[in-house]
Amino acid sequence: MNKLLIGLATLILFGCNTEIKNEQKNSKNEQNPETEINGKIRVLNFGTVHLSQTSDANSSQIDLNDPNEKADLKKLVEKIVKFKPTIICLELEPKNNDYIASTYSEYVKDQTKRLNYSDELNSIGLEVARLSGSNRIYGIDSQTGFDYPSLVEIANNKVADSLYISEVMNNYQRVNALKLKEQFRTINTRDYKMETFNLYNFLATQHTKGNQEGVDEITKFYQRNLKMYSNFNDIEMTENDKVFILLGATHTAYFDIFLENNPKIQLENPNKYTDY
């Protein structure tokens, strides 16, 4: 009988210890979203459409005068603010950092004071900064021109290549016609970003006989993205920082590849922030 009681006591004690350990383990797991992950810097690499002023061949048709679209934009911003970024990177060149800082200091007090560039920089970039209480906002762009239409023209000389270009462009037009919520949700999916990434790789293969026009032109675009990544890495940051990057969807595709292979970075899933 005594042996039975001792055995039961041992089982109860073991069960309690296991439960305590499990509670401690679960508690640690629950804290992970709010703390640095294995000493890595958390980065939300977020693709955006250009809401105004763009030289892009394909641009969004979102109407911010529509109250429903305005309401959805507000919800999107509020969702991103929950990430609590300490650093915000915009698609402007670093030479504009003083202009960004001075404009932002005015914007905090009066939201009609805005950057004179495409409006997502204000409506998303500066507004996320204002609501997050962050004042570390940097431009990381590096403007470089390249002859995109000439490569499409070469591709159109072959039936299969022309059909591929047509399919991609039709998909761009379909996405650009979506309402704001669905458009942001779509362009931040892995499938969409990799389709865009593949388009530029495909264009790199386009050339006339004896030449390499595609390689020459897409090298310029690839170099632009690498320079942007270099500008990003020039920013001083620690494992206590959370970084929100706001770029056009194609740049975001390149940055996904750069960042996910950087051992110092923990990439956030952008789809968490388009689900509202």
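Helix H2 (67-81) and helix H4 (120-132) each supply at least two residues of the lining of the second largest pocket, in a model that is predicted. Helices here are DSSP runs of H or I with at least four residues, strands are runs of E with at least two, and both are numbered from the N terminus. A pocket is defined on a 1 Å grid over the protein atoms alone, as an open set of points where a 1.4 Å probe fits, with protein on both sides within 12 Å along at least five of seven lines; lining residues have an atom within 4 Å of a point. The volume of this second largest pocket is about 270 Å³, taken as the space filled by probe spheres set on grid points that are joined across faces, edges and corners. Its lining has 13 residues, and those closest to the centre are Lys 70, Leu 73, Lys 74, Ser 123 and Glu 127. H2 gives the most to this lining, with 5 residues. By residue class the lining divides into 5 nonpolar, 2 polar and 6 charged, where Ala, Val, Leu, Ile, Met, Phe, Trp, Tyr, Cys and Pro count as nonpolar, Asp, Glu, Lys and Arg as charged, and the others, Gly among them, as polar.

Residues are numbered from 1 along each chain as its sequence is written. Local features need pLDDT of at least 70 and side-chain atom pairs count only at pLDDT 80 or more, while totals for chains, interfaces and linings use all residues; side-chain values use heavy atoms, with hydrogens and water left out.

H4 is largely enclosed by the rest of the structure, because 10 of its 13 residues are buried. Buried means under 20% relative accessible area, exposed means over 50%, and partly exposed lies in between, with a 1.4 Å probe and protein chains only. The buried residues of H4 include Ser 123, Ile 124 and Glu 127. Just after H4, Gly 133 takes a positive phi of about 75°.

Ile 124 also belongs to the largest nonpolar core, a set of 69 residues in which Ile 124, Phe 232, Ile 245 and Phe 255 have the most contacts. Such a core consists of buried Ala, Val, Leu, Ile, Met, Phe, Trp, Tyr and Cys residues joined through side-chain atoms within 4.5 Å. Leaving aside neighbours within four places in sequence, Phe 255 is in contact (heavy atoms within 4.5 Å) with Asn 45, Ile 140, Asn 225, Met 228, Tyr 229, Phe 232, Ile 245 and Leu 247.

For the protein chain as a whole, the secondary structure comes to 10 helices and 5 strands. Of its 276 residues, 44% count as buried. Among contacts between residues at least 6 apart in sequence, 80% join residues at least 24 apart.

Glu 236 is exposed, with a relative accessible area of 68%, and Asp 234 counts as exposed at 59%. Not counting residues up to four places away in sequence, Glu 236 touches Ile 87, Arg 136 and Asp 241. Glu 236 and Ile 87 are 149 residues apart in sequence, with 9.7 Å between their C-alpha atoms. For Asp 234 and Ile 140, 94 residues apart along the chain, the C-alpha separation is 9.2 Å.

Two other loops follow. Lys 84 sits between H2 and strand S2 (87-90) and has a positive phi of about 60° although it is not a glycine. Lys 84 is partly exposed, at 49% relative accessible area. Gly 145, in the loop between strand S3 (136-139) and helix H5 (148-155), is exposed at 58%.

Gln 183, in helix H7 (residues 180-187), is buried, with a relative accessible area of 0%. A polar atom of the Gln 183 side chain lies 3.4 Å from the backbone oxygen of Asn 176.

Note on methods
A polar contact is a pair of N or O atoms within 3.5 Å; within protein, one must be able to donate a hydrogen and the other to accept it, and residues adjacent in sequence count only if both atoms are side-chain atoms.
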